[in-house]
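Open the model in your viewer and keep the selection tool at hand. The stops below are given in the order in which to select them.

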Amino acid sequence: MNIIWNKTSGQFHLYNDRISYIIAVAPSGEMTNLYFGKRIHDREDFSYVVFRMGMPNIAVDADTETYSMELNRQEYPSFGTTDFGTSAFEIESENGSRVSSFVYKSHNIFSGKRVISGLPATYAAENEAMTLELEMEDEQTQMTLLLSYTIFEGYPVVARHAEFKNNGSAKVKIIKALSCCVDLPDQDYEMVQFNGAWARERMPVVRRLTGGTTSIESKRGVSSANFNPFFIIKRPNTDDFAGDAYGFSFVYSGNFIAMAEANSYERLRILMGINPERFTWVLNGGETFETPEVVIAHTDQGLNDLSQTYHSLYNNNLVRGKWKNKPRPILNNNWEATFMDFTEESILKIAAKAKEAGVELFVLDDGWFGERNDDFAGLGDWVENPGKLPQGMAGLARKVNALGLQFGFWIEPEMVNPNSNLFRRHPDWVLAVPGRKSSLGRHQLVLDFSREEVVDYIYNMLYKVIDGANISYIKWDMNRSLTEVFSLGCPPEEQGMVYHRYVLGVYSLYTRLIEAFPDILFESCSSGGNRFDAGMLYYAPQAWCSDNTDAIDRLRIQYGTSYGYPIVSIGSHVSAVPNQQTGRSTSISTRANVAYFGTFGYELDLNEIDDKEFEKVKEQIEFMKKHRELIQFGDFFRLRSPFETDQTAWMVVSKDKKKAIVGFYCMRSNVNTLPGFLKLTGLDPDARYRMEDKEYYGDELMNMGITLLEFYKKGFTISEDYASFVTVIDAI
Ligand code: DGJ
């Protein structure tokens, strides 16, 4: 890895073994991109790729009239001079002008990476990454723009963000401040985005890019289940196993926009950042605004490789603390077993049975506090309900610990029910427009986390509950989108800052709780997977993937999620049948075979299943304990897409290629067809492996494939709906 500054040509070449990223100072003084892709040799001067030609458009250099921004690739374009594409930022001066021109002033190259204050971001030790900071200046507004680029040693990745500083005394307004722009020199690409909604999150959808803009966004205050803030730009023939692609992952949990714009001159512009809708940041003299980070990756080896890049980078350089790279405890959560209708006694009964099965952690979900017996009351009152927990959280934790289990519980700190003591005391602490009706979501309002005193209050309440008890885990939920976003804590001209300040408030509460209780494992949740993003992973290393726990639906949800997020971050549990969301019944084996590929746990009362199934559960837990390190941290490969066929398959391979685990699932039976073959991948072609009771070379398994008939003797058949198998492959 290195960053070369070529003074004569004014060019920067960031490279490692896999990628090159080349930037130059343009004739206009702004920064232009010359190349981003597979690693190429360095040379003094790459300016032969700059288009200088007298086309019928407007030139930015008055001398020769041959250089137009529109024909060239920009690093962080503004609108208002000769680039007619979508801008990366917009600043309004006191006189109302929105034209800016940031020109190169200086740069700084250093080992490692700086933190972005108050925001989540990847981190790196000095030997893991190098950073280039370009300092640009707009004389008229007396503002500085810092563009930051970090290249990592072991990953085909560049992490980018921008920073604005107002050096003058006049106030300016930032109307738009995206995190990155990547201009590519041709448009033969498709966009893979991850669409969804509650209970059907992160379904990959491919869109062909043609003239104009193709975009996804969230305006819900959370990153959302509707459009995930991760997307891929790929060549049409790129698939999981081969081909060129770029990934864009936003390390942020609020409103976002991601866009690909094809202009009339073969340029494809990709932009990502905070959604400018309802965003205005007032920057007084001396103040700084930092955008969140976008992690951009490139592969020439297909989408499995792209996903593995994000998996490893996020496991090693985003997730922090005690749970970084640690296999996760197998848990039993009571939500689908009891909802809010429980007593300490009924909870302990579920926990005791879980212990007998081999579970390690018991989680008490919603309903333990205030008057919380249904959705209508109690949120905001973070004090134990004595009817349900007579000796408080500490008492229950002691009793669960005495069974030999760790203990954790559920919170939803950002919310309040109108029917709560908190709301009665502080009706002004919610996001609401004075005099207007507030929309409810699940009968609750959103607390104004843009205000420090609100975050403080919630922190102190939660601190008391956690501090007195032996707590190993917390599930942090968030169950509605933001509406009527207005804060009584802000003057009128700062209302455009509230969405972002809200997210900063969420991050600050996470930071304070993590600092106070560094050993607690946090799992984020937002009606399932409504806030499954890289920003959250910085605080909570795992996320409840979806409220849809049906094994067959989960195949698609987990398959889609695996494109951008590590397997160890995917909260996945076995629940009861018929499934509460879909009514579908699948075997206990298939439910576990799907849930293994994630954090793994149970979302049911194990007292309710029969002895035969209970014996199976014990075996499943033993299996997961034995293999979770490999499943959660091995190289994960998608093998057969559940979006294309009635069968799906995936596998994990250990880093040393000595062990692999394959999962195969029949989503819909096919009558009178041959079972066929499944080609594996990622193994050592020359190594010999044992699978079931036979031996094979790696190249056999990868090229001829495994015959699915082999598994018929174990009861698996593709003429049975929802049949599945998981098999372990060991090098001999
Ligand atoms: C939504 C979550 O996704 C569920 O798992 C559960 O925790 C409920 N909220 C509790 O209200």
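**Start at a loop serine**

Select S527: its relative accessibility is 18%, so it counts as buried, the cut-off being under 20%. This is a predicted model. S527 sits in the loop between β27 (521-524) and α8 (534-537). Check its backbone: phi is positive, about 45 degrees, although S527 is not a glycine. Most residues other than glycine have a negative phi.

**The ligand**

Move to G528 and display the ligand. A backbone N or O atom of G528 lies 2.9 Å from a ligand oxygen atom. Next pick D365, where a polar side-chain atom is 2.7 Å from an oxygen atom of the ligand. Then pick W544: an N or O atom in its side chain is 3.4 Å from a ligand oxygen. On its own the ligand has 290 Å² of accessible area, and the protein covers 97% of that.

Now select the whole shell. It holds 13 residues, and the closest are D365, D366, K475, D477 and D547. Coloured by class, the shell shows 6 charged, 4 nonpolar and 3 polar residues.

Select residues 588-595, helix α10, in which 7 of the 8 residues are buried. These are I588, T590, R591, A592, N593, V594 and A595.

Step back to P578, in the loop between β30 and α10. The peptide bond from V577 to P578 is cis, with omega near -10 degrees. Most peptide bonds are trans.

Go to S224, in the loop between β13 (212-218) and β14 (230-234). Its phi is near 90 degrees, again positive in a residue other than glycine. With a relative accessibility of 1%, S224 counts as buried.

**Zoom out**

The C-alpha atoms fill a box of roughly 85 × 70 × 45 Å along the principal axes. How does the radius of gyration compare with that of a compact globule of 732 residues? The protein has 27 Å, which agrees with the value near 27 Å for such a globule.

Buried residues make up 62% of the 732. Of the contacts with a separation of 6 or more, 69% join residues 24 or more positions apart.

Note on methods
Residues are numbered from 1 along each chain as its sequence is written. This is a predicted model: local features need pLDDT of at least 70, side-chain atom pairs count only at pLDDT 80 or more; totals for chains, interfaces and linings use all residues. Side-chain values use heavy atoms; hydrogens and water are left out. A residue is near a molecule or strand if one of its heavy atoms lies within 4 Å of it. A polar contact is a pair of N or O atoms within 3.5 Å; within protein, one must be able to donate a hydrogen and the other to accept it, and residues adjacent in sequence count only if both atoms are side-chain atoms. Accessible areas come from the Shrake-Rupley method with a 1.4 Å probe; for residues, only the protein chains shown count as cover. Ala, Val, Leu, Ile, Met, Phe, Trp, Tyr, Cys and Pro count as nonpolar, Asp, Glu, Lys and Arg as charged, and the others, Gly among them, as polar. The radius of gyration is taken over C-alpha atoms; the globule rule is 2.2 Å times the number of residues to the power 0.38. Buried means under 20% relative accessible area, exposed over 50%, partly exposed in between (1.4 Å probe, protein chains only). Contact means heavy atoms within 4.5 Å. Helices (H or I, at least four residues) and strands (E, at least two) are DSSP runs, numbered from the N terminus.
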